[in-house]
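Please examine the fold shown below.

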Amino acid sequence: MEKLISVIVPVYNGEKYITDTLDSLLRQTWRGFELIVVDGASTDRTLQLVAEHPQTVDVLISEKDEGMYDALRKGMEAASGKYLCYINSDDRLLPYALEKVVRKFEHGNFDLVFGDHNFISETGDIAYAYKGINLGWKAISYLRRVPFAQQSAFWTRDAYRKAGGFDKSMKYSADSKFLLTLCLDPTTRKGYIPAPLGEYRMHGDSFSVSVTDKMIAEHKRMASALPLKHDKLRKYFYEMITKVVNARGIYKKMTYKGTKF
């Protein structure tokens, strides 16, 4: 079977959740995908767990790197799929995710496909869910952020190259920079799948949770370098659209008692 899609998993000392991540890939109903694990020379049992897992790893890279985005660049360069994505070693894909994504790409002429996403607890239970929103490039320039999550985003190889890939000089926001660059390009064709595709795990050891202040600062520097609009009224308008669409998820987030991001 031709492997149309490549899934990259960057990991460093990820023994706590890597098995759950690989389980989610083993459960995929679309089996024509290539799995690339890029390990940053872990010192825990990560490599042992990857080797023992029944999910086949097509490419394994294990060496010291310059951070997550350096690892992702290595994985993307090693990928042979027509479509690309990555999933962090503590996150998951829903079992039907790759099947829906491949069908969307194959039956449309899209550069970027995305869907909804779940926020899950440390134990993997769904805490709440947010919907992705297919706004145009002008609306996103006023919103100043992408209205969907990386965990549920997939792109073509050509789109990856056109957007310049992941900026490895960044520590926290290269995924946002990459997706914003794609979304701000008027020629990018986006396809939306109205179903959860990926799941973001909220936990105290999360990279995103532990470095929130530094991440926010880098995100602001990144945003200042992109062609984003400064219009408070229009930003408020588009933020209200996202909040109305995600009212249920926002309420569940507000009343959720566990670790949040």
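Ile8 is in contact (heavy atoms within 4.5 Å) with Ile36, Val38, Leu72, Gly75, Met76, Ala79, Cys85, Tyr86 and Ile87, when residues up to four places away in sequence are not counted. The model is a predicted one, in which local features need pLDDT of at least 70 and side-chain atom pairs count only at pLDDT 80 or more, while totals for chains, interfaces and linings use all residues. Residues are numbered from 1 along each chain as its sequence is written, and side-chain values use heavy atoms, with hydrogens and water left out.

Ile8 also belongs to the largest nonpolar core, which has 40 residues. A nonpolar core is a set of buried Ala, Val, Leu, Ile, Met, Phe, Trp, Tyr and Cys residues joined through side-chain atoms within 4.5 Å; buried means under 20% relative accessible area, exposed over 50%, and partly exposed in between, with a 1.4 Å probe and protein chains only. Together with Ile8, the members that touch the most other members are Met76, Phe148, Trp155, Phe166, Phe178 and Leu179. Helix α7 (residues 174-183) supplies the largest share of this core, 6 residues. Another core lies apart from it and has 27 residues, including Leu22, Val50, Leu98 and Ile193. In soluble globular proteins, nonpolar side chains tend to be buried together.

The protein as a whole has 11 helices and 9 strands; these are DSSP runs numbered from the N terminus, with helices (H or I) of at least four residues and strands (E) of at least two. Of its 261 residues, 53% count as buried. A compact globule with 261 residues would have a radius of gyration near 18 Å, and the 18 Å of the protein agrees with this. That radius is taken over C-alpha atoms, and the globule rule is 2.2 Å times the number of residues to the power 0.38. The C-alpha trace spans about 55 × 40 × 35 Å along its principal axes. Among contacts between residues at least 6 apart in sequence, 80% join residues at least 24 apart. The accessible surface comes to about 12,500 Å², and 54% of it belongs to carbon and sulfur atoms; such areas come from the Shrake-Rupley method with a 1.4 Å probe, and for residues only the protein chains shown count as cover.

Charged pairs come next. The structure holds 15 salt bridges, each being a side-chain nitrogen of Lys or Arg within 4 Å of a carboxyl oxygen of Asp or Glu. In one of them, Lys168 pairs with Glu66, and the closest N and O atoms are 3.7 Å apart. This pair links distant parts of the chain, 102 residues apart: Lys168 is in the loop between α6 (157-162) and α7, and Glu66 is in the loop between β3 (59-62) and α3 (68-78). Lys168 is partly exposed at 39% relative accessible area, whereas Glu66 is exposed at 57%.

Another salt bridge joins the side chains of Arg145 and Glu239 (2.9 Å, N to O). Here 94 residues separate the partners, with Arg145 in the loop between α5 (137-143) and β8 (153-156) and Glu239 in helix α10. Glu239 is buried, with a relative accessible area of 14%, while Arg145 is partly exposed at 30%. Elsewhere, Asp20, Arg92, Glu199 and Arg201 are linked in a network of salt bridges.

Helix α10 (residues 232-245) also contains Tyr236, which counts as exposed because its relative accessibility is 54%. With Met240 and Val244, Tyr236 makes a nonpolar surface patch of about 320 Å². Patches are made of residues with over 30% relative accessible area and no salt bridge, like charges being joined within 9 Å and nonpolar side chains (Val, Leu, Ile, Met, Phe, Trp, Tyr) within 5 Å. Lys232 is placed in helix α10 as well and is exposed at 79%. The C-alpha atoms of Lys232 and Leu143 are separated by 9.1 Å, although the two residues are 89 apart along the chain.

Most residues other than glycine have a negative phi. Ala41, which is not a glycine, has a positive phi of about 65°; this residue is in the loop between β2 (33-39) and α2 (46-52). Arg144 likewise has a positive phi, near 70°, and is found in the loop between α5 and β8.
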